[in-house]
Amino acid sequence: MDLLPKDHKDFGTKDYWNEFFAKQKSQPFEWYGEYDSLCDVLDKYIHPKDKVLVIGCGNSKLSADLYDVGICNSISVDISASVINQMKERYGRDRPKMSFEVMDVFKLSFEEGSFSVVVDKGTLDALLTDTSQEVNDRIDTMFSQIDKVLRNGGRYLCFSLLQEHVLNKLLEWFTDKGWLIRFHRCEQAEAKRENSLAFPVYAVIITKLRKIPGAPPVLEIVHSGIASPQRCTSKSDILDHVKSAQHYAFLKHYLNKKDLVEDDICLELCSPDTGQVKYRMFVVDRKEKSNLKFAIFVVFQGRETEWLFSTPQGRQQLATNVNCERLIVVHLLRDNVYGSLEEVKSDLSAKVLELAPTSCKEQVPILSLGDDVGQRDIRCKGKSDISGEFVVEDVLSNNDDLYRRLIFLNSPYIIQSEAKLMLAKKKKKKGSSKLLIDFDYIACDHHIAIISGFAFLKDKMLCPNILLIGLGGGTLPMYIHKHFPDANVEVVELDPCILDVAKKWFNLLTDNRLNVHIADGLTFIQEAVNKGLKYDIVILDVDNKDMSLGISGPPVAFLETTVLQNMSELVYDSGLVFINLACRNSELYKEAYSKLKSVFKVMYSRKIPEEVNEIIYCIKTDDQKNILNQTMDNYSSLISFLEKRSTYGDVFDVVDLASCLTEIT
């Protein structure tokens, strides 16, 4: 530790480096790796005919190693006279074309355009110690000196850890000059120090070009194993790439050192071909010991929304099921192509194995639910001014059923709407078919709970007038429309874009029994009360756009006492208000229950298994006698009625409602 300076500014002083190399004595000090771990980059960008300048050479063997592979015409400079004398004595006799000179990088005395290549292995990192004006001006001088001695088309090879202020300075100075900047990750150099905590090592290849006025900066990233560099559109692409690599390196070190990680850690791997995230990985540790120390579990496409894979609690259960101490749960993300499970394993094997504890030495299994990667077909992508970006996608389930989903990308693990698909034959063209929504099937558990709640109605259970706040894909109102031919449904939807999606992709049809209003739900409720409108059932099934509050739905404005009172006013004396509540914020949850109790005398809750959702049945009645018994009688009649009209007899269970209901007192 005594080789480190007391003040980082000492890195720029002659006395510090003289003392540093005196303490090093004859042992070469290699910043960021020796030649054999950097040769992929060095051999690519330095040629035998090139004249090379190595700045801040210290006592590194780099110049001698380059000489030994045929790059002989080089000059190495350093501010420390003592280290230059050491280097002359060590290498001067055997390598006559290689020279060493005492020289300050801020005052290079060579003629303009003297060199084809300037090599900097750690010098910039040592000198660019902070973002002060004094240091900034000195680095401007250093870069100007490099610019002066490099010929046009020459290359500045800067090996760096690319701390944020260093990366920003490189991008700022050289893009302003119009030079081409290319980033290589030096993974072999990193492998030599795998047990230490350090930033990834980068080689930044900066090619001197004549500036073309108005031309955009040329920024490129070279990914491991990919021949062609990836062109970046902006500096922010480079910043994101480097920050991601640094974040991964720190997490890898943290995970290697920890036997038990209690945090829900998420990492992402990008495709080198597209630059976009291809795999999202979650690290799950268990306290219980097992023979299986480490494993990888690949989740089929489309199944990442299931509780077992999308929640920390579910992933803990999965690790228990697998009986593994550390499990990496891998999600396959939309907008990527996955040819086969073997291809996925090949992609993951090198990187994911880095996350294993150091104690894990055995071969690591890669597990999944089958022999393929599942099927996901994105049918539509869009962006709403209200709901943000969304996708409509068809996903094949594990029992080979096909489902259509609407997902808002600001909440990618929440299925906004889901419907089962079926093939419908066209009459005009023999053998041809198209996909249609199967309105006999209820795909969403909370929709089953809502339909079950019709049994709370004393009268009109089979012919209710319904106000539904929130359309989504429209599968709930379409189910009611088909299976309750005497029911009337009015739907309120804020977003006209979602109405278009429901009509085009979820087969929503409107008529005199099913009408959709494009309006703000809060405003509609208030105006309906003012008009004296009445309904048998008011259903609140609205998602919350502000996920930071810890409530997925409804928006908190709908849970204000005045709004709840308005909804109570909208239903008949024997009417119902159903609320789909999905709240992880315990304080908000308690507050919502308190306000509901202040408005409704009788309430029951039905929680959705393995989800945070619950349907709250708010019953507007003064007669609380025998409510549950009457409801169960009605429920049996409701099931018998629906079974005659549906091809799915197992959607509802006679005992299901009673077993799931909890009275809210």
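## Cavities

A search of the whole structure, which is a predicted model, finds 3 cavities of 30 Å³ or more. A cavity is a set of points, on a 1 Å grid over the protein atoms alone, where a 1.4 Å probe fits but cannot get out. The second largest cavity holds about 100 Å³ of space, a volume being the space filled by probe spheres set on the points, which are joined across faces, edges and corners.

By class, the lining has 9 nonpolar, 2 polar and 2 charged residues. Here Ala, Val, Leu, Ile, Met, Phe, Trp, Tyr, Cys and Pro count as nonpolar, Asp, Glu, Lys and Arg as charged, and the others, Gly among them, as polar.

## A pocket

Now for an open space: a pocket is an open set of points with protein on both sides within 12 Å along at least five of seven lines. The second largest pocket has a volume of about 1200 Å³. Its lining has 38 residues, and the closest to its centre are His 223, Leu 269, Cys 270, Ser 271 and Pro 272.

Among the elements that give two or more residues to this lining are strand E6 (180–185), strand E10 (265–270) and helix H12 (341–353). Helix H9 gives the most, with 7 residues. The lining divides into 17 nonpolar, 10 polar and 11 charged residues.

## The sheet of nine strands

Strands of a sheet pair through backbone hydrogen bonds, either parallel or antiparallel. In this model, 9 strands form an open sheet with mixed pairing, in the order E3-E2-E1-E4-E5-E7-E6-E8-E9; two strands pair if DSSP finds at least two bridges between them. Strands E3 (98–102) and E9 (230–232) are the edges, each pairing on one side only. The twist averages 20 degrees from one strand to the next.

Strand E8 (residues 219–222) runs antiparallel to E9, joined to it by 3 bridges; Leu 219 has Cys 232 in E9 as its bridge partner. Helix H4 (residues 81–91) packs on the sheet, touching E3 and strand E2 (74–78), and its direction makes about 165 degrees with that of E3. Contact means heavy atoms within 4.5 Å. Axes are lines fitted to C-alpha atoms, for helices over the stretch in contact, and angles run from 0 to 180 degrees between N-to-C directions.

## The sheet of five strands

Another open sheet has 5 strands in the order E10-E11-E13-E12-E14, again with mixed pairing. E10 and strand E14 (366–368) stand at the edges with a single partner strand each, so one side of each has no neighbour in the sheet. Strand E12 (residues 292–299) pairs with E14 in the parallel sense over 3 bridges, and Val 298 stands opposite Ser 368 in E14.

Helix H9 lies across E10, E11 and strand E13 (324–332), at about 130 degrees to E10. Helix H11 (residues 312–322) lies across E11, E12, E13 and E14, at about 125 degrees to E13.

## How to read the numbers

Residues are numbered from 1 along each chain as its sequence is written, and side-chain values use heavy atoms, leaving out hydrogens and water. In this predicted model, local features need pLDDT of at least 70 and side-chain atom pairs count only at pLDDT 80 or more, while totals for chains, interfaces and linings use all residues.

Conventions
Helix = DSSP H or I, 4+ residues; strand = E, 2+ residues; numbered from the N terminus. 1 Å grid on protein atoms, 1.4 Å probe; cavity = no way out; pocket = protein on both sides within 12 Å on 5 of 7 lines; lining within 4 Å.
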